[in-house]
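Hi,

Here is the structure I promised to pass on. Have a look at it first, and then read my notes below.

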Amino acid sequence: MNLIGSSIKRLEDKRFLTGKGRYTDDIVLPNMTYAYIIRSPHAHAKILSIDTTAAEALEGVVKIFTGKDIAEAGINGVPCGWAVNFKNGDTMKEPPHPLLVKDKVLHVGDAVAVVIADSYGLAKDAAEMVMVDYEPLAAVINPAEAIKEGAPLVHEDAPKNLCFDWELGNEAEKVDAALDASHHITTLDFTNQRVVPNAIEPRSAIGHYDDAYDKYTLYTTSQNPHLTRLLMCAFTLGIPEHKVRVLSPDVGGGFGSKIFHYTEEALVIWASKQINRPIKWTAERSESFTTDAHGRDHVTKADMGFDENGKITALRVRTQANIGAYISTFAPCVPTWLHGTLLQGLYTTPLINVQVDGVFTHTNAVDAYRGAGRPEATYLLERLLDTAALEMKIDPAELRLKNFIPFFDGVEQEGYQTQVALQYDSGNYEPVLNRALEMVGYEDFRKEQEEARKNGKYLGIGFSTYIEACGIAPSAVVGALGARAGLYESAQVRVQPTGKVSVYTGSHSHGQGHETTFAQVVADKFGIPLEDVEIVHGDSDAVAFGMGTYGSRSLAVGGSAIVKSIEKVIEKGSKIAAHKLEAAEEDIEFAEGKWTVKGTDKSISFGDVSLTAYVPHDYPQDLEPGLDFSSFYDPTNFTYPFGAHIAIVEVDAETGKVDLKRFIAVDDVGNVINPMIVDGQIHGGLAQGIGQALLEGTIYDESGQLLNGSYMDYAMPRADDLPSFEVDRTVTPCPHNPLGVKGAGEAGTIGSTPAVVNAVMDALSPFGIFDIPMPLTPERVWSAMQKDT
């Protein structure tokens, strides 16, 4: 049986479905204490005083630390992992993000003190007795407002609240001239609204200092345990790296929000040494709403020009991207190199200029959220395309097809060089759209739509053809773009004497099914049973190093590192087999779990070679024992999945409610290891993208209060909001990694949001409505319909 390409049920699901998963908050250490963090109720305020006297006198309270203690200890703030400079070359503004604030809070939820007690309930009770005196100050929430003269400053050393400004593409003057000469220009002013990640498991961290060994252990809900250790040791706390072990056990979802090094991780590690006891902190859901890094929040004006035949002539984009009060780990990268570089889309646009202002506001930090920059770029392009089609009275599918980049496989045909720095690896874009049109029954739908409108029924169809950059790398390239870490991946493949295999990967699973997919690759390549493979991840002591999981990189980068180590095992095994079979090494071939002398039936099994490697009595001279190899894989390029999504909606004219009737997704993620897992990834991504289109979005008041910071007020997509998804695939392999994979984890989120919004605009086209701000709630849709009746 070929395991690669098979829909194997996830091996890890048994423990999750039977309640035997082991999450950070499940861990209880001897003599453990519990932390409750006191957070600011103000978006911007001076701290006049903090009185901890009454709380410290409460029995069972172990210690209370404030920002003054952190400052006196000389602890650095949490660092940023990516630098984006100003257009003039000046360094971006990078104010410190303290573990606890000493003088001035900058967003609701900013941490001012931590209470540590023998129980969580006691810590929370004591926190209510800590008296913090604030002097509230004016706040600014919207990035477009924050850059105006006279706006309240978030940081004194960041004039006009600018973290950076950035530009990419062709000369602005050339783009302006091309637009001026265009037959038609479509313009959109819109906000890609801020959303909350809402992983099912809240963030949690346990810090444990062992004075007997002078060693620290951090348990944390991280997608990226090695990077957390690196940043915490090298920058935040200055602890020697070999003295710190970071473990990320089972992690209940992340969607990007658990990539980053958060202040709470360093805080519990530092405080644990101060009290010489373990400390656990777990976020309450209300804390998650105000402290987990948010996503999106771009204010954009975009202009797209067309000639008289509907060919795109130029694209101009101006965006103010909300950074929040502090710079999160990868925040500067998201609106720049992950957004601006994807504005070519699938189209032959000859001239592109994008300018982005990174703006500080008195809000929680904004960073990567599922898709990270790619959804924002796709939304911009696909809304422009469908709006242009309505304005020019051209079929939206036809408009896309005439602007698609022609087929290229990256081997016979060179990769496609975009106007915005990237070179696509391989692409065949027409088949995904044609297949989606076939699945939806496009011509029949248009006839149905026409008849429905005669009866006062408003049906709409929306398109989105997207591309994304995944497997973020190579290190040399991202380093030149501002990354402060390499973006390779590591893997160790250890064959045990009995032929069983342990794989130690730097990728980290938080729902992707690595323990199944990676095992499929290993078992297939070695020709051994799936149950003979063990996948180990999430432990910095067990795994030498790793860059974690994000950007749909696990298989493309982590899987490729595993394949490199597999190849080394097979190569060494061939030497052992040649010796045992008394043949020349070049006459040995490996397949189906055994080494065979070519043209003969003489062979030796994988298990026999494994045993020989560890019991080397009859063994090649000058060959060291063992069968254990490590590899680092640093890709030569990103990978570029793509696809076509189509949404069909019905809008209730009396209430404005949008009913999503059908959703078709045809994606090309390269070769597929486990179709069932890929389908699941697509389904989850679709739910999140549709959620942003119709339901989700933060609401801040002018003072910086998050008004919908709970599930009573923040609308999440539920099962009855969604249809049964109709999915299919085409396969265009990646030409530069050994598995030919491209990545699937973010595809659904990237393509779905504009498809749904475009469908609603198509349904409302008889009203002359071309745009409604997301989310398209019934109230917003109904109000728009009243204005245009």
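For the charge count, Lys and Arg are taken as positive and Asp and Glu as negative, with His and the chain ends left out. On that basis the protein carries 67 positive and 107 negative side chains, and the centres of the two sets sit 1 Å apart. Keep in mind that this is a predicted model.

Now the overall picture. The protein contains 20 helices and 28 strands. Its C-alpha trace spans about 90 × 75 × 50 Å along the principal axes. A compact globule of 789 residues would have a radius of gyration near 28 Å, and the protein has 28 Å, so the two agree. Of the 789 residues, 62% are buried. If you take contacts between residues at least 6 apart in sequence, 80% of them join residues at least 24 apart.

One residue I looked at in detail is Arg-383, which is part of helix H10 (residues 374-392). Is Arg-383 buried or exposed? Buried means under 20% relative accessible area, and Arg-383 has 1% relative accessibility, so it counts as buried. A polar atom of the Arg-383 side chain lies 2.8 Å from the backbone oxygen of Phe-770. Leaving aside residues up to four places away in sequence, Arg-383 touches Leu-188, Thr-378, Val-757, Asn-758, Met-761, Phe-770 and Asp-771.

Cheers

Definitions and conventions. Residues numbered from 1 in each chain as written. Predicted model: local features only at pLDDT ≥ 70, side-chain atom pairs only at ≥ 80, totals over all residues. Heavy atoms only, no water. Helix = DSSP H or I, 4+ residues; strand = E, 2+ residues; numbered from the N terminus. Rg over C-alpha atoms; globule rule 2.2 N^0.38 Å. Buried < 20%, exposed > 50% of the residue type's maximum accessible area, 1.4 Å probe, protein only. Contact = heavy atoms within 4.5 Å. Charge placed at Lys NZ, Arg CZ, Asp CG, Glu CD. Polar contact = N/O pair within 3.5 Å; in protein donor to acceptor, adjacent residues only side chain to side chain.
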